[in-house]
Amino acid sequence: MYDIEGVILAGGRASRMGGNDKGLVLLNGKPLYQYVQEALTPQVTRLSINANRNISMYQRSGLSVFPDVLNDYPGPLAGMLSGLQQSHHEWVMFAPCDVPFIPTDIVHHLWTYKADKKAAYIFDGNRAHPTIALLHRSLISPLMNYLERGERKLMIFLEQCEAQRVTYPKEECFINFNTYEECLRCEQKLKEQK
């Protein structure tokens, strides 16, 4: 497999979490981003975190942490642009900080089924997960142009660059947390499963 760099996207406003930093919200006593870090570390050559606040807390992970190159939290595409720009490799795997059960073979899966495309994203059989994506550095220029036009929609950008939709039919692996209540419900469920 090719050398692939990984980036955890933790740069959002998290407005549905009351503005609290989603990646640092605890699930069973561990910050959400650490679940993603543990899943991705063995799958990539180098892993870093895109964050716009609490940078020193993310740096405790031992990973490199970098902010968006664009101001005012313009969404996940800004984190992706920054990730591609600072990458040491041709390919970058992106995953959001709030998907704690991300599969331990997700990078290999995207790489295997991306065909000859410069971008690929996950589809769980029911819905798309465009922030779980593999992008090539050649997309820096089109992505920058897209954002400079004021565009923000990730799915539209992926469609414009003819990204490959890669099916990974396990919805439970891609549960993401937008509210504290969702975290608490998940904690309860995990306790019941023990």
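Modeller: Strands β7 (residues 119-123) and β9 run parallel to each other and are joined by four bridges. Strands pair if DSSP finds at least two bridges between them. Helices (H or I, at least four residues) and strands (E, at least two) are DSSP runs, numbered from the N terminus. Within this pairing, A120 has Q164 of β9 as its bridge partner.

The model is predicted, so local features need pLDDT of at least 70 and side-chain atom pairs count only at pLDDT 80 or more, while totals for chains, interfaces and linings use all residues. Residues are numbered from 1 along each chain as its sequence is written, and side-chain values use heavy atoms, with hydrogens and water left out.

The pairing belongs to an open sheet of seven strands with mixed pairing, in the order β5-β4-β1-β6-β8-β7-β9. The edges are β5 (64-66) and β9 (164-167); each has a single partner strand, so one side of each is left without a neighbour in the sheet. From one strand to the next, the twist averages 30°. Helix α1 lies across β1 (4-10), β4 (46-51) and β6, and runs at about 170° to β1. Such axes are lines fitted to C-alpha atoms, for helices over the stretch in contact, and angles run from 0 to 180 degrees between N-to-C directions.

What do the nonpolar residues do here? A nonpolar core is a set of buried Ala, Val, Leu, Ile, Met, Phe, Trp, Tyr and Cys residues joined through side-chain atoms within 4.5 Å. Buried means under 20% relative accessible area, exposed over 50%, and partly exposed in between (1.4 Å probe, protein chains only). The largest nonpolar core has 32 residues, of which I49, M93 and I106 touch the most other members. Two or more residues of this core come from each of β1, α1, β4, β6, α4, β7 and β8 (128-136). Helix α1 gives the largest share, four residues. Leaving aside neighbours within four places in sequence, I106 is in contact (heavy atoms within 4.5 Å) with L40, Q43, M93, I122, I132, Y168 and F174. Another core lies apart from the largest one; it has 23 residues, including L77, L143, L158 and C161.

I102 lies in the loop between β6 and α4. With 4% relative accessibility, I102 counts as buried. Setting aside neighbours within four places in sequence, I102 is in contact with V36, A39, A95, I132 and C173.

Rings of Phe, Tyr and Trp (its six-membered ring) pair if their centres lie within 6.5 Å; planes under 30 degrees apart count as stacked, over 60 as edge-to-face and the rest as tilted. This rule gives four aromatic pairs. In one of them, the ring centres of Y33 and Y58 are 5.0 Å apart and the planes stand at 65°, so the pair is edge-to-face. Both Y33 and Y58 are buried. The rings of W91 and W111 are also edge-to-face, because their centres are 5.4 Å apart and their planes at 90°. W91 lies in strand β6 (residues 91-96) and W111 in helix α4 (residues 106-113), so this pair ties together parts that are 20 residues apart in sequence. W91 counts as buried at 6% relative accessibility, whereas W111 counts as partly exposed at 21%.

Two rings also have a charge over them, as NZ of Lys or CZ of Arg is within 6 Å of the ring centre and within 35 degrees of the ring normal. The charged end of K114 sits over the ring of W111, 4.6 Å from the centre. R165 lies over the face of F123, 3.8 Å from the ring centre.
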